[in-house]
Amino acid sequence: MAVVAVLAAPLVPGTPAASAADPPEPTADPTVTGDPVYRGRLVADEGTWEPAEGLTFSYRWLRDDRRINGATARSYRPRLADIGERLSVEVTATDELGESASAVSRRTTRVRRAELVLRQRPAVTGTRRYTHRLTGDRGDWQQVRVSTSFRWLRDGKPIAGSRQKRYRLSHADVGHHVRVQVTARKEGYRVARVTSRPGREIGHRVGVRRTATYRIETRGRITADLGVFRRQVAETFADPRGWRSAGVAFRRVARGGDFSVVLAEASRVPGFSSVCSAQWSCRVGRYVIINQLRWQHASPSWNRAHRSRRTYRHMVLNHETGHWLGHGHLGCPGRGRPAPVMMQQSKGLAGCRHNPWPLPSELWAR
């Protein structure tokens, strides 16, 4: 029988008996998926490695290439400290022999603040009439412990000084839409602003109970602007602070009418009645007589108090029209208090303050 001898290869001096395995090597860098937003979720993909099998992976998240304490899971939720920074992940591959190598992903875009999520829009409750109060609520937000603040809007524009949860409707609101704007804030989130629905327009304090028609007349030589006179009479009669708040609506007519508003030269005022004076305005029967001298220059006491001519015009129209409505003269209700509009404010105040509008106690009409 033939014998086959197998000769061993001679050992070369200095050559080990077995070769050590090569350490893992990345063939494609790790990647990060997900949206880099506060409280979002980022996930690391380890990339590809050689060898493809027998590897275990560990993770370390980096903030602008600096390690984040405790961030060693495959997924990561950005924290407050991450806002405005770029994130990346360092992946370490380890083989069965304990050899390891690391690779780092590309950095994300800068981490941004999260969005607050509104579940229910703020609402406004209350009576939508002049002098009443409206109350706004904060709305319902998905996030907890959201801080909110309020601002009231008139036709979409901020109302000065109205930053409380409750808002008392003013004369300026009548005929307009009033809403509440809620500003929501929470650390790590973008500031959110949301506005309640418009609702119906703000109405007068009371509905119309009576409509009075009037016409404009003149007496004597008129030097005042008659167009301004007509417009400002209409504005005073329509103002929610005036007799409209007693339920009286005024409508101008070309002829006839329930009463006349007369702009009269001062010397012509006494011609209406012996009780009228060339110094002051007057009311006689159907005539509400506005003395042109006072219309143009107000009264000495009004001017000494540095009140505007426009507010004097409101006062004198309200006072004389108040007589036509059936109101008599009133006295000062107390030192330092607003004078009734039916007080003869041009002649003396008895300690009261000038006031161009009817007091709440005067708001009745025959």
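Modeller: Let us look at strand β23, residues 287–291. It is mostly covered, with 4 of its 5 residues buried. Buried means under 20% relative accessible area; exposed is over 50%, and partly exposed lies in between (1.4 Å probe, protein chains only). Strands here are DSSP runs of E, at least two residues long, and helices are runs of H or I, at least four long; both are numbered from the N terminus.

A word on the source. This is a predicted model, where local features need pLDDT of at least 70, side-chain atom pairs count only at pLDDT 80 or more, and totals for chains, interfaces and linings use all residues. Residues are numbered from 1 along each chain as its sequence is written, and side-chain values use heavy atoms, with hydrogens and water left out.

Now the partners of β23. Two strands pair if DSSP finds at least two bridges between them. Strand β21, residues 259–264, pairs with β23 in the parallel sense, over 5 bridges. In that pairing, Val 262 stands opposite Ile 289 of β23. Strand β22, residues 282–284, runs antiparallel to β23, and 3 bridges join them. Here Cys 282 stands opposite Ile 289.

Next, the turn. β22 and β23 form a hairpin with 2 residues between the strands. Gly 285 takes a positive phi there, near 55°. As for side chains, in a regular strand they alternate between the two faces of the sheet.

Finally, step back to the whole chain. There are 4 helices and 23 strands. Buried residues make up 41% of the 366 residues. The C-alpha trace spans about 165 × 40 × 40 Å along its principal axes. The radius of gyration is 42 Å, whereas a compact globule of 366 residues would have one near 21 Å. That radius is taken over C-alpha atoms, and the globule rule is 2.2 Å times the number of residues to the power 0.38.
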